[in-house]
Amino acid sequence: TENLKNVDAVIELLDARIPYSSRNPEIKKLKERKPTVMLLNKASLADPDQSARWQKYYTSEETVCLLTDCATGNGLNRLSPAIHDILREKVERYESKGMSGRRLKAMIVGIPNVGKSSLINRITGSKKVKVENRPGVTLNKQWVSTNIGIDLMDMPGVLWPKFEDNIIGQNLAFTGAIKDDI
């Protein structure tokens with residue numbers, strides 16, 4: 001919550017294979033009405049028809065939902081235009097004050113192992129942050145500049161304290177969001 005005041009928008013990553021199970025309900029509450037671009041990541045591994053339904057479900061007045069795949073780069077070319085679109089009024093205010101080209105700031109949030117660090121590396125075209133196929137690799141927040149005019153705040157993955165539904169816990173275990181022994 002304290003970091004939200006330092007960003008213009010939120011990029012929330014969900015796993016396209018389990019979009020409902022991979023959405024941390026605490027993040028939804030914490031980000032309030034901050035403009036959001038939601039990425040249904042790993043879309044190439046999910047059912048396209050179901051993904052389209054989830055994309056429609058999550059799209060709202062203050063949220064744009066995109067199907068992406070950070071491993072292949074599919075759909076990521078729409079991220080910058082989507083951020084600029086939801087922040088159009090802010091960008092126009094900057095331009096009216098002579099601050100054209102001012103870099104926008106976005107926070108990347110999501111559960112562990114959903115692809116936050118892979119997204120950063122794909123956008124920057126280099127290995128700026130460590131990526132592994134296990135949860136808990138990113139331990140601290142860090143700022144990363146990109147060549148798309150947006151500075152990104154990479155955040156560690158966060159799970160909520162208790163899963164009310166065993167299916168959610170199982171889905172998170174199946175997709176590697178939580179350690180198998182948990």
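Modeller: A residue is called buried when its relative accessible area is under 20%, exposed when over 50%, and partly exposed in between (1.4 Å probe, protein chains only).

Colleague: Which residues of H5 are buried?

Modeller: In H5, these are Lys116, Ser117, Leu119, Ile120, Asn121, Ile123 and Thr124. This is a predicted model, in which local features need pLDDT of at least 70 and side-chain atom pairs count only at pLDDT 80 or more, while totals for chains, interfaces and linings use all residues. Residues are numbered from 1 along each chain as its sequence is written, and side-chain values use heavy atoms, with hydrogens and water left out.

Colleague: Why is H5 largely enclosed?

Modeller: Helix H5 covers residues 116–124, and seven of its nine residues are buried, so the rest of the structure largely encloses it. Helices are DSSP runs of H or I with at least four residues, strands are runs of E with at least two, and both are numbered from the N terminus.

Colleague: What do the buried residues of H5 pack against?

Modeller: They pack against several elements, including strand S1 (9–15), helix H3 (79–86) and strand S4 (104–110).

Colleague: Changing topic, where does aspartate 8 lie?

Modeller: Aspartate 8 belongs to the segment before S1. Its relative accessible area is 10%, so aspartate 8 is buried.

Colleague: And which side chain makes a polar contact with that of aspartate 8?

Modeller: The partner is the side chain of lysine 90, at 2.9 Å. A polar contact is a pair of N or O atoms within 3.5 Å; within protein, one must be able to donate a hydrogen and the other to accept it, and residues adjacent in sequence count only if both atoms are side-chain atoms.

How values were computed
Contact = heavy atoms within 4.5 Å.
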